[in-house]
Amino acid sequence: QLHDLVAQALHALHGNLSVEVLADQACVFLGSVDVEGKPDGRGVATNRSAQREERNEFRGEFQGGARHGLGGVRFGDGTTYSGEWVMDHPKGYGVEMYPDGGVYKGRFWNDARHGLGAYYFANGQRYFGRWNTGVRHGDGVEMGKSGEKYFSVFEM
């Protein structure tokens, strides 16, 4: 079987590197696994969902089957996230880039912008300040396309 041949070849080349097909998650995993066969260490997981917007590819570190450590993901809609992960969720510092050209650099907590961060809008405007569960919250500075600055306070 092709899967077995690829796994044997990779094992011979890289020691503990293996190929795992996680059928229950419609996912193909290439990387190191733990004794239970769960992704552990560095690897690449590709989700092959039938829904385009749900497809994604993660490259980075795993622990006990979960994305954990440093890594990056590309989603089906073109959005990318690179940064810190804790038990399958962006948590800590990261950079998220959007198909429209917008970029967020800052802190994340459970998949959302949370804490200090900067958002660079595709039209040239910028916002530097605090975020709470994905929305601007608290004090911050907005900068227009021509450099004008505004101090803002956002309330949820």
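The following legends describe close-up views of a predicted model. Residues are numbered from 1 along each chain as its sequence is written, and side-chain values use heavy atoms, without hydrogens and water. Local features need pLDDT of at least 70 and side-chain atom pairs count only at pLDDT 80 or more, whereas totals for chains, interfaces and linings use all residues.

View A. Strands, which are DSSP runs of E with at least two residues, are numbered from the N terminus. Strand β2 (residues 27-33) runs antiparallel to strand β3 (residues 39-47), and 6 bridges join them; pairing requires that DSSP finds at least two bridges between two strands. Phe29 has Ala45 in β3 as its bridge partner. The hairpin has 5 residues between its strands, and Gly37 in the turn shows a positive phi of about 85°.

**View B. The pairing of β3 with β4.** Strand β4 (residues 56-63) pairs with β3 in the antiparallel sense over 7 bridges. Gly41 stands opposite Phe62 in β4.

**View C. Salt bridges between side chains.** A salt bridge places a side-chain nitrogen of Lys or Arg within 4 Å of a carboxyl oxygen of Asp or Glu. The whole structure contains 5 salt bridges. Among them, Arg59 meets Glu57 at 2.9 Å, N to O, Arg130 meets Asp139 at 3.6 Å, and Arg136 meets Glu142 at 3.5 Å.

**View D. Exposure of the Arg130 and Asp139 pair.** Partly exposed residues lie between buried (under 20% relative accessible area) and exposed (over 50%), with a 1.4 Å probe and protein chains only. Arg130 is partly exposed at 42%, and Asp139 is likewise partly exposed at 38%.

Conventions
Helices (H or I, at least four residues) and strands (E, at least two) are DSSP runs, numbered from the N terminus.
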